[in-house]
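Here is a friendly walk through the helix packing and the nonpolar core. Have the model open as you read.

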Amino acid sequence: YDAAIVSLKDYLERFPSGSYAVNSYYWLGEIYLLKENLVDAQDWFSRLLEKFPNDRKVPDTQFKLGKVYHLQGNNTEARRMLNQAASGNSDAARLARQYLQDNLQ
């Protein structure tokens, strides 16, 4: 994971608006979530939503960020983010609805 972090950050430094920038932000968030580094996971997922609000990865990112907020104990933000993700028809929407049902009812 550490080598992937270095490579993804290097890519973003060289190509901040490159064709793989969105995926780089997403996978940095995902890696930090897997490493249980919730602060950095939140940071990378939040950056993606801020920089690329209309990208197709937004629902997936909202779901993951909602999960991060829940794991941090911030249930208000978790519900807000998961409800945003749940509003669509994507696989992320289905996952967000299930996560809300299982964890935040």
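## Helix 3 against helix 4

Helix 3 and helix 4 pack with their axes 9 Å apart, at an angle of about 150 degrees. That makes helix 3 roughly antiparallel to helix 4, a label given to angles over 145 degrees. Axes here are lines fitted to C-alpha atoms, for helices over the stretch in contact, and angles run from 0 to 180 degrees between N-to-C directions. Helices are DSSP runs (H or I, at least four residues), numbered from the N terminus. Helix 3 passes helix 4 in a left-handed crossing, meaning that the near helix is turned anticlockwise from the far one by less than a right angle.

On the helix 3 side, L38, A41, Q42, F45, S46, L48 and L49 meet V58, T61, Q62, K64, L65, V68, Y69 and L71 of helix 4; contact means heavy atoms within 4.5 Å. By class, this contact has ten nonpolar, four polar and one charged residues. Ala, Val, Leu, Ile, Met, Phe, Trp, Tyr, Cys and Pro count as nonpolar, Asp, Glu, Lys and Arg as charged, and the others, Gly among them, as polar.

## About the model

This is a predicted model, in which local features need pLDDT of at least 70 and side-chain atom pairs count only at pLDDT 80 or more, while totals for chains, interfaces and linings use all residues. Residues are numbered from 1 along each chain as its sequence is written, and side-chain values use heavy atoms, with hydrogens and water left out.

## Helix 4 against helix 5

Next, follow helix 4 to its contact with helix 5. Their axes are 8 Å apart and the packing angle is about 160 degrees, so helix 4 and helix 5 are roughly antiparallel to each other. Their crossing is left-handed.

Helix 4 brings P59, Q62, F63, L65, G66, K67, Y69 and H70 to the contact, and helix 5 brings N75, E77, A78, M81, L82, Q84 and A85. These residues divide into eight nonpolar, five polar and two charged.

## The largest nonpolar core

A nonpolar core is a set of buried Ala, Val, Leu, Ile, Met, Phe, Trp, Tyr and Cys residues joined through side-chain atoms within 4.5 Å, where buried means under 20% relative accessible area (1.4 Å probe, protein chains only). The largest one has 33 residues, of which L12, L28, F63 and L82 touch the most other members. Its largest share, eight residues, comes from helix 2.

Leaving aside residues up to four places away in sequence, L82 touches F63, G66, K67, A96, Y99, L100 and L104.

Definitions and conventions
Buried means under 20% relative accessible area, exposed over 50%, partly exposed in between (1.4 Å probe, protein chains only). Helices (H or I, at least four residues) and strands (E, at least two) are DSSP runs, numbered from the N terminus. Angles under 35 degrees count as roughly parallel, over 145 as roughly antiparallel, 65 to 115 as roughly perpendicular and the rest as oblique.
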